[in-house]
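User: I am new to this structure and would like to go through it step by step. Please show it, and then I will ask about a few places in it.

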Amino acid sequence: MKSRSPGLVSLVGAGPGDPELLTVKGLKRLEGAEVVVHDRLVSAQLLDRAKSSARRIDVGKAPGVRRWPQSRINTLLVAEARRGRRVVRLKGGDPFVFGRGGEECEALVAAGIPFEIVPGVTSAIAAPACAGIPVTHRGLASAFAVVAGHTSAPLEQLDWAALVRVGTLVILMGRARLPEIVALLLRHGMSEATPAAVISHASTGLQQAARGSLADIAARARELGSPATVVVGEVVDLSERLAWFTPGEAAGPTAREGVVA
Ligand code: SAH
């Protein structure tokens, strides 16, 4: 059998949900892909941009359902590239923001597989933006931090004393543990009156937002589904004047079926 030189693995950020928020480069890679390895939060409209002959492999998970272990995903990427294929690893948002993209790159380096990163629009910035919340704003916040609200390590291990002083806090994967996160912020000196918002399905036709303060945001956001991003800080109040998004006009999925589950 003729040996083929290894293909290329492109780690592509798919953006927050609206398929039009994929970068031009990401779209080019997707259109040229022979294999697309994607997560659950990647919209069906985006996957349709790959050739019909491209193999699509869903390695994501629905909440609570078993997903592919990371080691198996790494092995798959290496194996497909060794067959000489052009592989796109399509990840929600940006591949290097809580996306385990770094681990996949480490596996590719170890196996001697050529790879590239195509950064994406992260929901950490896009979800607030779609609710009319700038993460920085002159006079209100000159720094922001992005925090994972659900990790293998206990939440208490984060330096909350430092985080409460940053400016704007953006919490990903924090929906389920919001009451716990609010309690930690209050315990470390944040005022109950600090504005807070939760934005779910940002940038898509399913977008919903709840706004309030640390005192009531957990209750106000109770009905909102996943994925959701939490924003805490004075910038949240700007959404009163800057909210602009109309879900009915969104290019992204407008029904649950539109989200690849
Ligand atoms: N790499 C991704 C983040 C992966 S962690 C990125 O850069 O966006 C997954 C978390 O991202 C979700 O739990 C949620 O907090 C957030 N998220 C992803 N898509 C979202 C969306 N459309 N609206 C709101 N939050 C979203």
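User: Which domains give at least three residues each to the shell around the ligand?

Analyst: This is a predicted model. The shell holds 17 residues, and by class they are 10 nonpolar, 6 polar and 1 charged. The domains that each supply at least three of the shell residues are domain 1 (8-118) and domain 2 (123-249).

User: How far is a backbone N or O atom of Val97 from a nitrogen atom of the ligand?

Analyst: Polar contacts are pairs of N or O atoms within 3.5 Å. A polar backbone atom of Pro16 is 2.8 Å from a nitrogen atom of the ligand, and for a backbone N or O atom of Gly92 the distance to a ligand nitrogen is 3.0 Å. For Val97, the distance from a backbone N or O atom to a ligand nitrogen is 2.6 Å.

User: What percentage of the area that the ligand exposes when taken alone does the protein bury?

Analyst: Taken alone, the ligand exposes 540 Å². The elements that give two or more residues to the shell around the ligand are helix 5 (123-130) and strand 10 (228-232). Of the area exposed by the ligand alone, the protein buries 89%.

User: Which strand gives the largest share of the lining of the second largest pocket?

Analyst: The second largest pocket has a volume of about 150 Å³. Its lining has 15 residues, and the closest to the pocket centre are Cys130, Ala131, Gln207, Ala209 and Ala243. By class, the lining divides into 10 nonpolar, 4 polar and 1 charged residues. The largest share, 4 residues, comes from strand 9 (residues 208-213).

User: Is the peptide bond from Ser226 to Pro227 cis or trans?

Analyst: Pro227 sits in the loop between helix 8 (217-220) and strand 10. The omega of the bond from Ser226 to Pro227 is near 0°. The peptide bond is cis.

User: Where is Phe98 found?

Analyst: Phe98 is not a glycine, although its phi is positive, at about 45°. Its place in the chain is the loop between strand 4 (87-91) and helix 4 (101-111).

Definitions and conventions:
Residues are numbered from 1 along each chain as its sequence is written. This is a predicted model: local features need pLDDT of at least 70, side-chain atom pairs count only at pLDDT 80 or more; totals for chains, interfaces and linings use all residues. Side-chain values use heavy atoms; hydrogens and water are left out. A residue is near a molecule or strand if one of its heavy atoms lies within 4 Å of it. A polar contact is a pair of N or O atoms within 3.5 Å; within protein, one must be able to donate a hydrogen and the other to accept it, and residues adjacent in sequence count only if both atoms are side-chain atoms. Accessible areas come from the Shrake-Rupley method with a 1.4 Å probe; for residues, only the protein chains shown count as cover. Ala, Val, Leu, Ile, Met, Phe, Trp, Tyr, Cys and Pro count as nonpolar, Asp, Glu, Lys and Arg as charged, and the others, Gly among them, as polar. Domain bounds come from an automatic or database domain assignment. On a 1 Å grid over the protein atoms alone, a cavity is a set of points where a 1.4 Å probe fits but cannot get out, and a pocket is an open set with protein on both sides within 12 Å along at least five of seven lines; lining residues have an atom within 4 Å of a point. Grid points are joined across faces, edges and corners, and a volume is the space filled by probe spheres set on the points.
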